[in-house]
Amino acid sequence: MNEARGPLPGNEIERVAALRSYQLMDSGEEKDFDAIAAIASAVCQTPISLITFIDEKRQWFKSHIGTSLTENFRDLSFCTHTIAETTDMMIVPDANADPRFAGNPVVTEAKVTFYAGVPLINEDGFALGTLCVLDQKPHDFSDDQINALKALAKQVVDKIELRQKVSLLERTNQELINANVLIQKFASMAAHDIKNPLSSIKLTSQALRMRQEIRQSDGCLRLVDMNITATENMLELVNEMMAYSKNPSLLLAKKQEFELNALIAKVISLLVVPDSIRIILPEKKHWLYYSIIALDQILINLLSNAIRYNDKTEGLIVIRFGEDADHYLLEIEDNGMGIPEQYFEKIFVSNFTLDQKDRFNNQGNGIGLSTVKDLLYLLNSSISVNSAEGEGSIFVVKLSR
């Protein structure tokens with residue numbers, strides 16, 4: 001055989017590329033494929049059955065029943081004709097009488113006379129190889145044998161495709177694991193970066209509190225005490241974030257009982273609230289059993305937005321709470337700028353902004369609300385908005401208990 005070949009036609013290049021994507025050539029023998037080949041041999045009553053894959057030069061036998069050979073030259077293979085000439089099945093009852101094969105060494109020397117092969121066609125329509133049976137004597141091939149060989153070929157293809165999908169899922173899963181590790185490391189690093197200056201601010205404030213001139217001024221002392229309290233609250237939040245970055249399962253697992261208004265007051269102490277904005281907390285005390293880490297983040301984002309995007313002379317934010325057997329219901333209403341109805345869904349998409357500047361003349365980054373929605377998704381919970389442009393917005397958070 002002359003191994004030198006001209007350039008492969010375009011569709012053959014694509015076929016070979018598809019074959020390589022499965023990494024089947026020289027992949028070793030496997031019991032599952034051997035079992036299918038053995039059944040094909042028994043059903044078709046032939047001594048030889050093969051599961052083969054064909055690249056640009058070789059035909060390699062993934063399974064070979066009745067022969068010790070493991071490969072053949074592509075140009076000498078019956079199966080090369082099968083994958084090129086049919087998408088159904090090729091049967092050669094007597095190779096000696098077929099001009100395509102009469103002079104083939106497989107026929108003249110190995111005395112192969114009968115051949116039946118089904119192409120192994122993948123989901124994209126490329127024939128990767130064949131399931132075939134051979135004998136040294138002619139055969140009459142029944143309809144039942146034809147149907148059985150086709151069914152067995154489909155099993156081979158299904159097995160190949162399944163393996164490809166499992167491999168892809170494993171790679172994707174590993175990529176997600178790697179990405180999650182990077183995110184956790186980044187979150188931990190960011191939390192550390194925030195914690196260090198906060199600790200310095202706390203120590204400095206505590207030192208200032210001891211100074212005689214500060215202690216003699218009620219106004220200065222009150223400001224220093226506020227600074228210390230806000231710093232302690234922020235440090236507590238950072239510690240929670242650091243714990244979550246090291247173990248994301250804490251988001252769902254670490255639930256504890258707390259009083260809602262006390263948590264809201266702590267969150268408000270972390271925010272810059274102009275004197276012109278009044279925040280009304282829920283009536284009465286409400287005790288919740290939930291993830292403080294999660295609710296902290298949700299409240300910080302929603303209250304921060306309600307403050308920043310309030311353009312009224314007298315701003316108002318009303319927080320309401322309700323519950324039923326399965327959910328906690330949190331409602332945050334403001335009389336701010338409002339949101340056009342066509343953006344009710346888009347505002348929860350990462351990096352989407354309304355191209356509005358807030359009361360502090362800053363542009364949003366489109367991360368806050370998408371983070372809230374992603375967080376709630378993990379908690380099997382939801383958020384929705386109802387708003388009128390120029391009149392204000394109502395955000396409703398439904399938390400699964």
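User: In this predicted model, which residues do ring pairs link into a cluster with Phe78?
Analyst: The model is a predicted one. Ring pairs join Phe78 to a cluster, and the other members are Phe101 and Tyr115.

User: How many aromatic pairs does the structure hold, and is the pair of phenylalanine 78 and phenylalanine 101 stacked or edge-to-face?
Analyst: The aromatic pairs in the structure number 7. For phenylalanine 78 and phenylalanine 101, the ring centres are 4.2 Å apart and the planes stand at 5 degrees. Planes under 30 degrees apart count as stacked. The angle of 5 degrees therefore makes this pair stacked.

User: How many residues apart are phenylalanine 78 and phenylalanine 101?
Analyst: Phenylalanine 78 belongs to helix α3 (residues 78–85), while phenylalanine 101 sits in the loop between β4 (90–92) and α4 (105–108). Both phenylalanine 78 and phenylalanine 101 are buried. The pair links distant parts of the chain, with a separation of 23 residues.

User: Is the pair of tyrosine 290 and tyrosine 328 stacked or edge-to-face?
Analyst: The ring centres of tyrosine 290 and tyrosine 328 lie 6.1 Å apart, with the planes at 85 degrees. An angle over 60 degrees counts as edge-to-face. The pair of tyrosine 290 and tyrosine 328 is therefore edge-to-face.

User: Which strands hold tyrosine 290 and tyrosine 328, and is tyrosine 328 buried or exposed?
Analyst: Tyrosine 290 is in strand β9 and tyrosine 328 in strand β11 (residues 327–334), so the pair ties together parts 38 residues apart in sequence. Tyrosine 290 has a relative accessible area of 2% and is buried. The cut-off for buried is under 20%. At 3% relative accessibility, tyrosine 328 is buried.

User: Where does lysine 284 lie, and is lysine 284 buried or exposed?
Analyst: Lysine 284 is placed in the loop between β8 (277–280) and β9 (287–290). Its phi is near 65 degrees, a positive value in a residue other than glycine. Exposed means over 50% relative accessible area. With 66% relative accessibility, lysine 284 is exposed.

User: What is the phi of aspartate 26?
Analyst: Aspartate 26 lies in the loop between α1 (10–21) and α2 (31–44). This residue is not a glycine, yet its phi is positive, at about 60 degrees.

User: Which element gives the largest share of the lining of the second largest pocket?
Analyst: The second largest pocket has a volume of about 420 Å³. Of its 22 lining residues, those closest to the centre are Leu69, Asn72, Val106, Val112 and Leu134. By class, the lining has 15 nonpolar, 5 polar and 2 charged residues. The largest share, 3 residues, comes from β6.

Conventions:
Residues are numbered from 1 along each chain as its sequence is written. This is a predicted model: local features need pLDDT of at least 70, side-chain atom pairs count only at pLDDT 80 or more; totals for chains, interfaces and linings use all residues. Side-chain values use heavy atoms; hydrogens and water are left out. Helices (H or I, at least four residues) and strands (E, at least two) are DSSP runs, numbered from the N terminus. Buried means under 20% relative accessible area, exposed over 50%, partly exposed in between (1.4 Å probe, protein chains only). Rings of Phe, Tyr and Trp (its six-membered ring) pair if their centres lie within 6.5 Å; planes under 30 degrees apart count as stacked, over 60 as edge-to-face and the rest as tilted. On a 1 Å grid over the protein atoms alone, a cavity is a set of points where a 1.4 Å probe fits but cannot get out, and a pocket is an open set with protein on both sides within 12 Å along at least five of seven lines; lining residues have an atom within 4 Å of a point. Grid points are joined across faces, edges and corners, and a volume is the space filled by probe spheres set on the points. Ala, Val, Leu, Ile, Met, Phe, Trp, Tyr, Cys and Pro count as nonpolar, Asp, Glu, Lys and Arg as charged, and the others, Gly among them, as polar.
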